[in-house]
Amino acid sequence: MDNVRNVSINKSPSTSKSFTPSTTDTGTTMRTSGETMTKYHMYYTASRMNVKLHKEDASTPAVYYLKSVYSWTKLMLELRRGDTKASPMSAFAKLRMTSRHMQIRKGDDHFQQGPDNQIAWDELCRAKNIFCRSDYHFSTAEGSEMGKKAEFDWRKDRGKFAATVYECVDKTGRAVAKMFGGGALNWSKAGEIEVAEEGLDEGLKEMLITSVLAIWAMEAFAYQSVFQGYASGPGGKKSEAAKAHQA
């Protein structure tokens, strides 16, 4: 993907403004700031234009497949539930070449074929503040029984100078998802995504995954960390799973 030219929840809000990647490279869950998170490991396909998301290492079947579809004016990202680009589509995102604002929504293959002006998108907007230009905001009614939209902010951790690291918080300040970029020079692992297990239905979780994958792709247009940004083993060394995948 670096080849891209290259709701309320009854929990106390998180008070942490920054976070540290896990030192565990396998397994489906980890605990950070009191939250149990499901972790997805992002590995490039052979073409490096698409990405597979695994709950463990790359030797296990992928649970999601991110397919990229290009045109002269836009890039479509399709989140497919399965191990191949032909798996059923769950959500998709639209990136425009002339704007850093994006659009995301849930939907299947049949739904996507409708005219753009008939599709109700959720807007994923880049922050206007010049000092937070890599932050993004979106709201969605996905997962709400009353159809009320919940708001989320993806905030880049600016303390990580050599890594692309994002945290997503809801309106209460609760961290519901995180992303650690793999770095432009990592030719196998694209990064890691973590999503809170409690208080979110599957549709909303997939919207969070779709939104951060869109951000990950969009940020690649401008720049991407050349250093490893995802969790590493003790002493900063890559995990055995990552080494095995590169071998």
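Predicted model: local features only at pLDDT ≥ 70, side-chain atom pairs only at ≥ 80, totals over all residues.
Buried here means under 20% relative accessible area, exposed over 50%, and partly exposed in between (1.4 Å probe, protein chains only).

Residues are numbered from 1 along each chain as its sequence is written, and side-chain values use heavy atoms, leaving out hydrogens and water.

Now the core. A nonpolar core is a set of buried Ala, Val, Leu, Ile, Met, Phe, Trp, Tyr and Cys residues joined through side-chain atoms within 4.5 Å. The largest one has 43 residues, and those touching the most other members are Leu95, Trp154, Ile193, Leu208, Ile209 and Trp216.

On to the rings. Rings of Phe, Tyr and Trp (its six-membered ring) pair if their centres lie within 6.5 Å; planes under 30 degrees apart count as stacked, over 60 as edge-to-face and the rest as tilted. The whole structure has 4 aromatic pairs, including these:

| Pair | Centre distance | Plane angle | Type |
|---|---|---|---|
| Phe92 and Trp121 | 5.3 Å | 90° | edge-to-face |
| Phe138 and Phe152 | 5.4 Å | 25° | stacked |

Phe92 is buried at 0% relative accessibility, and Trp121 is buried too, at 12%. Phe138 has a relative accessible area of 0%, so Phe138 is buried.
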